[in-house]
Amino acid sequence: MGVKMKRIVIALLLVLTAVVGLAGCKKSNTPTIYVYNWGEYIDPEVIKMFEKETGIKVKYDDFVQNEDMYPVIQTGSAKYDVVCPSDYMIQKMIKEDLLQEINYDNVPNISNIDPTYLKSAEEFDPGNKYSVPYCWGTVGILYNKSMIKADIDSWGALFDKDFMKANGYDGKVLMIDSVRDALGIALVYLGYSLNSTNPAELEEAKNLLKDQFPMVDAYVVDQVRDKMIGGENPIGVIYSGEAIYTQRENPDLEYVVPKEGSNIWIDGWVIPKNAPNKEYAEKWIDFMCRPDIALKNFEYITYSTPNSAAREMIEDVDIKNSTIAFPDSSILERCKTFHYLGEEVETLYLNKWNEVKSN
Amino acid sequence: MKSRKWLSFPYIIWMAIFIIIPLLMVIYYGITTKSGTFTFDNLALIADPINRTALWLSIKLSVVSTLICLVLAYPLALILNNMKLKNNSFIVLIFILPMWMNFLLRTIAWQNILENTGVLNTILKFLHLPTLELINTPSAIVFGMVYNFLPFMILPIYNVLIKISDDTINAARDLGANYFQTFLKIILPLSFPGIISGITMVFVPSLTTFVISTILGGSKVVLIGNVIEQQFKMINNWHTGSGLSLVLMVFILISMAILAKYDKEAEGKSVW
Amino acid sequence: MVKKLGQKLYIALILLFLYAPIFILIVLSFNNSKSRSKWGGFTFKWYVELFKNDSIMNALYTTLIIAFLSALIATIIGTAASVGMNSMRKVPRTILMGISNIPMLNADIVTGISLMVLFLAFNYTLGFSSVLMSHITFNIPYVILSVMPKLKQLNKSTYEAALDLGASPSYAFYKVVLPEIFPGVLSGFLLSFTMSLDDFVITHFTRGNSIDTLSTKIYAEVRKGIKPEMYALSTLLFTSVLILLIIVNRRNDRMKHHEKNRSVK
């Protein structure tokens with residue numbers, strides 16, 4: 001056995017471990033904030049502006065739905081300074097003691113947020129202790145007027161085979177691929193609360209969705225955008241923020257919040273308990289509440305902003321007064337927020353939903 | 001040659017840490033409950049209607065895809081072999097080259113082709129042929145599987161075929177065998193190792209994919225891979241997820257064992 | 001004649017099948033609309049935007065660095081292992097080869113999950129290093145697979161002759177053995193690099209949330225609609241590999257030509 005060669009191999013192995021080790025704890029001294037947000041939910045320009053103004057580097061990750069984000073924060077497999085979940089998820093995280101209170105002395109721009117939304121936010125975050133609203137919107141039906149001749153005003157359009165047949169389609173519905181939203185729609189259509197915890201009502205909702213399965217072309221969340229723009233499908237469920245973008249691309253598309261009522265949701269910034277740097281997180285939240293920043297974000301992602309100062313600054317009159325972005329009180333009155341229903345009911349929801357999809 | 005066994009020690013340590021221990025951990029989680037007591041419940045979950053349907057559908061689709069790949073690849077390998085190209089690395093390149101475009105993107109491109117208003121239907125309409133509803137159905141997933149894994153069937157078969165010497169074939173012909181006899185008695189049996197490794201390389205990834213079904217199935221087609229992925233990434237229940245993975249591994253092992261019975265060349269076979 | 005034509009047609013159809021999606025992606029990279037399903041006219045703008053998009057550039061950087069490091073480390077460990085195993089007796093060698101086959105034959109999803117479980121159970125933070133180690137793990141078998149056959153072909157007597165002529169074992173190894181097995185080592189490296197570059201599943205499970213490779217980034221974008229910059233990037237990557245391969249192939253041809261001419265003389 002060549003001693004020289006042995007030495008070379010050992011040296012190589014040392015280099016290897018050094019490389020792996022260095023790569024592992026490659027921590028630089030530049031201050032960094034870790035942000036966890038929905039995909040495509042911010043103007044990239046805004047991130048650059050934040051970095052330039054504060055000198056804090058932004059590490060930005062995104063998630064697809066609340067349920068993807070939750071285990072990451074809960075297990076701490078990655079640590080974030082600031083996260084943007086929805087209402088019921090914020091409620092759940094408060095209950096499970098995963099969040100820390102925001103010090104509003106560091107968030108003076110909170111004054112730009114319309115008090116109406118702060119009040120709605122109290123439904124899931126009493127006293128607004130843990131969250132600052134970022135975007136909000138409704139869930140509704142998006143349909144293509146050139147493909148469906150009737151005026152749609154009810155969730156029934158998604159479930160009624162005869163209605164779709166009459167328009168020449170036997171199954172082109174885009175249903176939303178999200179537990180709470182899908183079951184919520186079914187519950188509301190059946191006349192129940194979208195926060196129902198009654199197993200019999202949930203069973204009924206599940207059966208309705210199961211009957212709908214053959215009519216569904218795909219269960220999607222964000223892909224609904226591309227498919228509706230391309231005229232691939234005549235009807236689908238969509239968040240109001242996406243509706244504005246799709247209408248811009250394809251003027252035949254129409255958005256309605258059905259008469260039975262719907263979900264109104266608020267996504268807010270929160271600071272997890274295990275956040276490495278709370279000070280940066282508050283800086284970030286304050287920055288997001290600045291009118292010019294909120295406006296920039298609104299124009300990029302087209303989701304409604306709770307920032308009244310930013311809304312005043314919108315130049316496009318059509319958008320400023322758009323009933324999609326800023327629905328009037330008659331629409332808002334029939335919309336409810338989701339509540340966190342406890343672990344047991346949550347599992348029940350998930351099981352029902354899995355049953356629907358594994359037809 | 002003097003003993004150089006020690007050179008493989010880093011490898012042995014590495015594989016022990018990153019292959020053996022993790023597998024043992026999956027087995028451990030698969031047969032325990034959250035409180036750490038022994039149970040078969042996680043394995044039994046495969047009998048749950050949702051999981052059973054998913055597993056059954058995965059098996060069905062992967063068998064179909066593997067067969068289609070074989071049917072498409074074998075004649076192709078034969079033709080390429082008959083062309084007697086001097087430069088056969090070029091052939092390999094042509095079929096490997098698509099892999100340099102990210103496979104997720106290539107699969108997404110199939111959405112554009114298969115959609116109701118997609119490229120394929122536009123062509124069919126132009127030719128006044130009936131259009132096909134493929135996207136978000138099991139057929140679309142089979143398309144995706146065949147597309148992604150076809151090269152893994154072509155290359156091993158081609159590699160075996162080019163090694164069959166002309167002398168063997170000429171000898172058979174001289175002894176009076178016609179083309180089909182030569183094929184059945186000489187070429188096919190000799191190319192068996194290639195077919196076997198091709199089947200393994202197509203069947204296993206098809207059986208366990210969750211990506212292709214996510215992209216081309218519109219969440220309407222739930223495969224066993226999707227169920228397992230959900231257990232780990234969303235529900236965060238390692239025990240159930242590990243239990244289902246174990247069942248899946250058993251299926252893979254069974255299919256390997258069946259294939260290995262037919263495979264005579266055990267060691268040193270080339271994958272490419 | 002008809003048979004020849006039929007054969008050519010068959011090859012063409014299979015190639016069409018394999019390359020149609022790639023063609024679509026290239027077309028989409030010039031589409032002046034953010035939406036995948038609408039043609040908005042011809043544009044080069046995504047190729048410009050691409051270089052301004054930090055998150056895509058970061059993902060590209062991470063992907064390349066991981067592919068390079070994991071291929072390099074796997075090549076070193078794998079080549080050493082092959083040489084070591086080659087001097088073992090049959091039984092231990094077969095067992096070790098069997099172990100190296102596990103990650104290749106096992107499902108990606110199971111390998112990914114088991115590695116994730118390993119890292120998390122030992123409280124190792126998922127991130128760059130966990131992905132790198134996972135990639136090394138699934139790359140080593142490819143290296144062994146490429147190097148082993150070359151070692152078997154090796155003529156032992158040349159090595160012994162070198163020793164007889166006074167070379168030290170390590171010198172003899174570098175001068176005699178290594179040049180012989182080098183093509184295998186190189187193809188092992190390239191294979192590993194490609195595998196690492198194209199991997200999604202194992203990265204998906206072992207990356208935690210803090211780093212993105214191109215694959216994981218694309219997967220996250222699937223539901224939201226792929227950013228056109230991504231099409232532009234993959235078109236660039238694809239064409240550069242294509243050009244590289246053509247150049248290498250040409251040079252190889254020319255070299256062969258050259259050798260032939262020389263031998264004729």
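Where does A:Gln65 lie in chain A? A:Gln65 sits in the loop between β2 and α3 (66-75) of chain A. Before following that up, some ground rules. This is a predicted model, where local features need pLDDT of at least 70 and side-chain atom pairs count only at pLDDT 80 or more, while totals for chains, interfaces and linings use all residues. Residues are numbered from 1 along each chain as its sequence is written, chains are lettered from A and ligands numbered from 1 in the order in which they are written, and side-chain values use heavy atoms, with hydrogens and water left out.

A:Gln65 has 8% relative accessibility, so it counts as buried (under 20% relative accessible area; exposed is over 50% and partly exposed is in between, with a 1.4 Å probe and protein chains only). Setting aside neighbours within four places in sequence, A:Gln65 is in contact with A:Trp38, A:Asp177, A:Ser178, B:Met234 and C:Arg223, contact being heavy atoms within 4.5 Å.

One of those contacts, A:Trp38, leads us to strand β1 (residues 32-38) of chain A. Helices (H or I, at least four residues) and strands (E, at least two) are DSSP runs here, numbered from the N terminus. Six of the seven residues of β1(A) are buried, so this strand is largely enclosed by the rest of the structure. Strand β1(A) runs parallel to strand β2 (residues 57-63) of chain A, with seven bridges joining them; two strands pair if DSSP finds at least two bridges between them. Along this pairing, A:Asn37 stands opposite A:Asp62, and A:Trp38 is opposite A:Phe63. Strand β1(A) also pairs with strand β3 (residues 82-83) of chain A, again in the parallel sense, over two bridges. There, A:Val35 has A:Val82 as its bridge partner.

Together, β1(A), helix α2 (residues 44-54) of chain A and β2(A) make a right-handed β-α-β unit. Right-handed means that, with the strands pointing away from the viewer, the path from the first strand over the helix to the second runs clockwise.

Zooming out, chain A is divided into domain 1 (28-134 + 267-325) and domain 2 (137-264 + 337-357), with bounds that come from an automatic or database domain assignment. Their contact takes 17 residues from domain 1 of chain A and 20 residues from domain 2 of chain A. The centres of the two domains, taken over C-alpha atoms, are 27 Å apart. About 1800 Å² is buried between them, with carbon and sulfur atoms giving 55% of that; buried area is the accessible area (1.4 Å probe) that two parts lose on being put together, summed over both.

What is the count of salt bridges between domain 1 of chain A and domain 2 of chain A? The count is one, where a salt bridge is a side-chain nitrogen of Lys or Arg within 4 Å of a carboxyl oxygen of Asp or Glu. A:Glu346 forms a salt bridge with A:Lys92, and their closest N and O atoms are 2.7 Å apart. With 24% relative accessibility, A:Glu346 counts as partly exposed, whereas A:Lys92, at 5%, counts as buried.

A:Arg225 forms a salt bridge with A:Glu242, with 3.2 Å between the closest N and O atoms. This pair links distant parts of the chain, from helix α10 (residues 224-229) to helix α11 (residues 240-249), 17 residues apart. A:Glu203, A:Lys206, A:Lys352 and A:Glu355 are linked in a network of salt bridges.

Some pairs go between chains. The side chains of A:Lys227 and B:Glu115 meet in a salt bridge at 3.7 Å, N to O. A:Lys227 lies in helix α10 of chain A and B:Glu115 in the loop between α5 (103-114) and α6 (119-126) of chain B, so the pair joins two chains. Both A:Lys227 and B:Glu115 are buried. Between chain A and chain C the count is one salt bridge: C:Lys227 pairs with A:Glu40, the closest N and O atoms being 3.4 Å apart. That interface buries about 2900 Å², 55% of it on carbon and sulfur atoms.

Finally, chain B and chain C bury about 7900 Å² between them, 77% of it on carbon and sulfur atoms. One salt bridge is found across that interface, in which B:Arg106 and C:Asp198 have their closest N and O atoms 3.9 Å apart.
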